[in-house]
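Open the model in your viewer and keep the selection tool ready. The tour goes from the whole chain to single residues.

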Amino acid sequence: SQGADGKQPALSRLTKPWPKALDQWTHFLHDPSNNAVAHDSEVGPPDRLQWSAEPLWSKEHDVTPSLFALVSGGGRLFYILNEGPVCTIDEKLPDRYSVVARDAFNGVLLWKRPMSDWYSSRIIWGHIPVDAQRRLVAAGDRIYVTLSLQGPVVALDAASGAILHEYAGTERTSEIVCSGGRLALVTRKTHVLDGLLAGRDGNRFRRGYPGQQEGGDELLVVREDTGECLWRNRRRAMPLTLAVAGDRVLFAEEQNVACLDLDTGKELWTASCAAARTLVVHDKTVFAANADPAKVTLTAFDLTTGARLWSREAGSLPNFLFFFASLDVFVARDLVWGMAEGLEWNKEPGSGHLLGLDLRTGEVRRRIPLAGARAILRGAACGPTRHIARLAAGRSDAADWPPPAQGDARMSNGIDRRRKLC
């Protein structure tokens, strides 16, 4: 409409402020520390559908997932999506992978950028290298991603998807961690058909990590703004263990946990710890965990000196039994979680207790009964559990929400049984 003078009225733009109670999930394991816990006081057990988006169907459960590396930042969701045919698995029908951005609040498609190649959809679920989920990071008004398996890291404009920078010398990057204006990267030899093809694995054993390949592993740090490579070396980081804490970069090797200076690559300390699958940093403590079919071993180190603070063996949540994956170790409410006692995961409604340990001594401070917590006890699913500081979201056919305050409160299923996205 026009004003009394016949002119268009001035338009006003109203911007809704970012809710202080909401967190952002910028990395596969939440942030550069690998502690998969959101500091969000708004989210709770879901009771309705806010929005939905295509595709309505994806590839079947036992092959390559159709969706990778979901992260969020600035009110947007980013992920890698296969929009190829879902009704069949045939090399004659090519996959169509893209990086996709949507408004996180209403699901509106913001942009989509095609990728040149990705893992074949013919690979058995669980054989896809686990580091495939670490190729996309949201950071402010940018995202960092590899647009092909062998290609370099590129910076995309988060609002439009336009390429802002291509980082020379970062070809074959398989893991990206962003912190303090730096990109810490791991490069590995990767191929489209890494893993076992569907129908070729009679024992159905799942790996997810084919092992280190000679001449294929490298660790490097580059500047976000200029792309200058600050340093690089041939250190071999175990998958999903790369983390950044302040001016330090940490990772697990086959027999050690290592801490280097972020800007120079100088080794600050190493500590003996065999084949850790998980490395989490919280405040001044580093946690590394490894496992065999009988137990999990969790070890704590001092971030500054590398001194071993404590080590403890116990039962573990069972996501390590069938394929190589990071273990469920997380810090919430000033305790470290992920170990269990008396756990018989193949029984329903379950047994045993989830243990909350003191960060610096390893002493048990809380025990939460696991009876009835199906999502945790029903075995492995597609990846590690995600958590909220006051709740825990299960990773399988239901979500479990342990009461936050009571020391021995029973866990309960917050959602009817339903299959979550893999």
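Accessible areas come from the Shrake-Rupley method with a 1.4 Å probe, and for residues only the protein chains shown count as cover. This is a predicted model: local features need pLDDT of at least 70, side-chain atom pairs count only at pLDDT 80 or more, and totals for chains, interfaces and linings use all residues. Residues are numbered from 1 along each chain as its sequence is written, and side-chain values use heavy atoms, leaving out hydrogens and water.

**Whole chain.** Show the surface. The accessible surface of the chain is about 19,200 Å², and carbon and sulfur atoms own 50% of that. Switch to cartoon. The chain has 1 helix and 27 strands; helices (H or I, at least four residues) and strands (E, at least two) are DSSP runs, numbered from the N terminus. Of the 422 residues, 54% are buried. Buried means under 20% relative accessible area, exposed over 50%, and partly exposed in between (1.4 Å probe, protein chains only).

**Largest core.** Select Phe78, Ile80, Trp118 and Ile143. In the largest nonpolar core, of 24 residues, these four touch the most other members. Such a core is a set of buried Ala, Val, Leu, Ile, Met, Phe, Trp, Tyr and Cys residues joined through side-chain atoms within 4.5 Å. Among the elements giving two or more residues to this core are strand 3 (76-82), strand 4 (97-103) and strand 7 (142-146). A second, separate core has 17 residues, including Ala271, Cys273, Val286 and Leu303.

Zoom in on Ile143. Its contacts (heavy atoms within 4.5 Å) include Phe78, Val99, Trp111 and Leu136, with residues up to four places away in sequence not counted.

**Strand 10.** Select Ser174, in strand 10 (residues 173-179). Ser174 counts as buried because its relative accessibility is 0%. What does Ser174 touch, not counting residues up to four places away in sequence? The partners are Asp131, Arg134, Arg135, Val186, Thr187 and Arg188.

**Cysteines.** Select Cys229 and Cys259. Cys229 is at 33% relative accessibility, so Cys229 counts as partly exposed. Cys259 is at 0%, so Cys259 counts as buried. The structure holds 0 disulfides, a disulfide being a pair of cysteine sulfur atoms within 2.5 Å.

**Surface stop.** Finish at Leu56, in the loop between strand 1 (37-38) and strand 2 (67-73). Leu56 is exposed because its relative accessible area is 70%. With Leu56, they form a nonpolar surface patch of about 400 Å² accessible area together.

How values were computed. Patch = residues over 30% accessible without salt bridge, like charges linked within 9 Å, V, L, I, M, F, W, Y side chains within 5 Å. Salt bridge = Lys/Arg side-chain N within 4 Å of Asp/Glu carboxyl O.
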